[in-house]
Amino acid sequence: MISISVMAVVFGVVFLAELPDKTALAGLVLGTRYRASYVFAGVAAAFALHVTLAVAAGSVLTLLPQQIVQAITGVLFLGGAAVLLMKKDDGDEEIRRPKDQSFWKVSGAGFMLILVAEFGDLTQIMTANLAARYDDPLSVGLGAVLALWTVAGLGIVGGKALMKRVPLKLITRIAAALMLALGVWSLWEAIAG
């Protein structure tokens with residue numbers, strides 16, 4: 001059974017954390033150079049793989065006693081909030097342009113870019129934490145992958161327009177505040193439970 005409320009929480013947290021990330025900017029750059037559907041296919045496949053790995057890791061954490069899981073996820077969420085608040089703007093990263101504009105070359109470039117750039121990234125760690133917290137791998141996985149696909153789609157199709165209207169700093173602060181709230185909530189449950 002899929003929990004819409006868990007999916008919505010996961011979607012919101014992962015979406016806001018990923019939006020100011022360098023991979024959204026990389027998707028934007030790829031989307032301006034190549035056919036958007038080809039780029040999205042590769043990026044979406046890489047994000048699906050990352051979410052699957054994160055949910056599996058988070059599901060393993062659920063084997064621990066609940067208070068320990070809540071304490072671990074609380075500390076990790078607080079750490080994630082700190083990382084977002086201290087994050088400096090990295091600027092645009094240069095992206096290699098495949099000579100061949102075929103589906104496999106372009107989607108492969110997008111896949112490899114996300115596969116490498118997102119491995120062990122904050123949103124992957126957050127997804128594992130959320131999977132451990134909610135013990136609902138399907139709802140967490142769907143919420144996370146939909147959030148990542150949405151950010152990728154926005155980056156590929158219209159990232160520049162969004163960033164002109166909503167300051168990146170504001171998005172980062174909202175994501176950090178959500179993570180801070182989840183961290184405090186998880187630690188409170190660990191102590192009170």
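Helices (H or I, at least four residues) and strands (E, at least two) are DSSP runs, numbered from the N terminus. The model is predicted: local features need pLDDT of at least 70, side-chain atom pairs count only at pLDDT 80 or more, and totals for chains, interfaces and linings use all residues. Residues are numbered from 1 along each chain as its sequence is written, and side-chain values use heavy atoms, with hydrogens and water left out.

**Exercise 1.** Determine where Phe47 lies and whether Phe47 is buried or exposed.

*Solution.* Step 1: Phe47 belongs to helix H3, which covers residues 36-61. Step 2: buried means under 20% relative accessible area, exposed over 50%, and partly exposed in between (1.4 Å probe, protein chains only). Step 3: Phe47 has a relative accessible area of 3%, so Phe47 is buried. Step 4: along the chain, Glu118 is 71 residues away from Phe47, and their C-alpha atoms are separated by 8.2 Å.

**Exercise 2.** Describe how H3 and H5 pack, and classify the residues in their contact.

*Solution.* Step 1: the helices pack at an angle of about 35°, and their axes are 7 Å apart. Axes are lines fitted to C-alpha atoms, for helices over the stretch in contact, and angles run from 0 to 180 degrees between N-to-C directions. Step 2: the contact (heavy atoms within 4.5 Å) includes Tyr38 and Phe47 of H3, and Phe103 and Glu118 of H5. Step 3: by class, the contact of H3 with H5 has 13 nonpolar, four polar and one charged residues. Here Ala, Val, Leu, Ile, Met, Phe, Trp, Tyr, Cys and Pro count as nonpolar, Asp, Glu, Lys and Arg as charged, and the others, Gly among them, as polar.

**Exercise 3.** Classify the aromatic pairs that involve Phe103 with Tyr38 and with Trp104.

*Solution.* Step 1: rings of Phe, Tyr and Trp (its six-membered ring) pair if their centres lie within 6.5 Å; planes under 30 degrees apart count as stacked, over 60 as edge-to-face and the rest as tilted. Step 2: the structure holds three aromatic pairs. In one of them, Tyr38 and Phe103 are 5.2 Å apart centre to centre with 90° between the planes, an edge-to-face pair. Step 3: Tyr38 is in helix H3 and Phe103 in helix H5 (residues 103-118), so this pair ties together parts that are 65 residues apart in sequence. Step 4: the ring centres of Phe103 and Trp104 are 5.0 Å apart and the planes stand at 80°, so this pair is edge-to-face. Step 5: Tyr38, Phe103 and Trp104 form one aromatic cluster. Phe103 is partly exposed at 30% relative accessibility, whereas Trp104 is exposed at 70%.
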